[in-house]
Amino acid sequence: MKRHRRLYGAWYRNDLARRLREFGYELTPTMVGGLPSFEIADWSRDWLEAFSTRRQDILDYIADTGRAYTTANAQAAALATRGAKQEPVQNELIKLWRQRAESRGLVLGSTRDRRKTSKTQSEMIFPSKEKRLSPLEAVWQAMQHLEERQSLFCRSDLLAAALGRDLGRHTHEELDAAIDRMQQDDHLVATTSGDFTTRATLRAERAVIATLQTERAEQLANVQDVITDLNTTSLTDGQKDAVRTILCSHNQVVGVQGFAGTGKTRMLKEVVRLAGDRPVIGLAPSSAAARVLSLETGISTTTLQWVLARYGF
């Protein structure tokens, strides 16, 4: 369950959105915690806060204790403000909610009247110009979103991303069938590990490999000088190999894979030092990553997207 928690969350939000749409409500896409979500269209902040009393308790606690709002502090506040479970029975809760709604003009009459009126109001505010994605389009957009960030992804992550593309419009089964169709058409390629990659990713990787094999470049430093200098450092053998490969290879592109905690930053500092007068420019996938790389290595770093936009790639 922990491994597929993103899928379960997406499934729940999709089912909730579908039921709200059946009642005639229009939904506005939003992001919550980095995940696709929604709010009821034209639902005021006052109405939202009226039914979010626990959140207000958490915000008040954080403000009273002078803390910054972070995920960790919000979790701590939730524990600190949580009292013993003494939930009223269902009928009492419904009565309480109805009174709270009526005080803000939310209850329009019978369930049938509310459904009809809500739908009529929604259609007046949001005429049916909304573009609806087909299941294939939802999966295609989800695939493109994932392949921009990782070369491999599992089916459950793809399904969770697809469920979030047009909440409440498609069933789990429809999107599953669309994924199978994408695989049959070779847009999605199953790997031996059971994960997916994409045809575009494979094409890009083959192009990189072809470049590595055919295009040559001058060495950035003398091999013997680099070896002699590295022997005076405290770098591990793996770090020394990486520095030597970067500076002494004839390849225009060199790939170095370093797991967490293996000293990639320390290795890059040595690359910069031994590069001498040669300029070293850092590129990172995000602004936050660029700041970290710049601070920890001293390399002038910007985002890859900035370079692509700046030079028209």
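Predicted model: local features only at pLDDT ≥ 70, side-chain atom pairs only at ≥ 80, totals over all residues.
Residues are numbered from 1 along each chain as its sequence is written, and side-chain values use heavy atoms, with hydrogens and water left out. Local features need pLDDT of at least 70 and side-chain atom pairs count only at pLDDT 80 or more, whereas totals for chains, interfaces and linings use all residues.

The structure holds 13 salt bridges, each being a side-chain nitrogen of Lys or Arg within 4 Å of a carboxyl oxygen of Asp or Glu. One of them joins the side chains of Arg-181 and Asp-185 at 3.0 Å, N to O, and salt bridges that share partners link Asp-15, Arg-18, Arg-19 and Glu-22 into one network. With a relative accessible area of 26%, Asp-15 is partly exposed, a term for values between buried (under 20%) and exposed (over 50%), taken with a 1.4 Å probe and protein chains only. A further salt bridge pairs Arg-149 with Glu-148, the closest N and O atoms being 3.2 Å apart, and both residues are exposed.

Ile-94, placed in helix H5 (residues 90–102), counts as partly exposed at 35% relative accessibility.

Methods:
Helix = DSSP H or I, 4+ residues; strand = E, 2+ residues; numbered from the N terminus.
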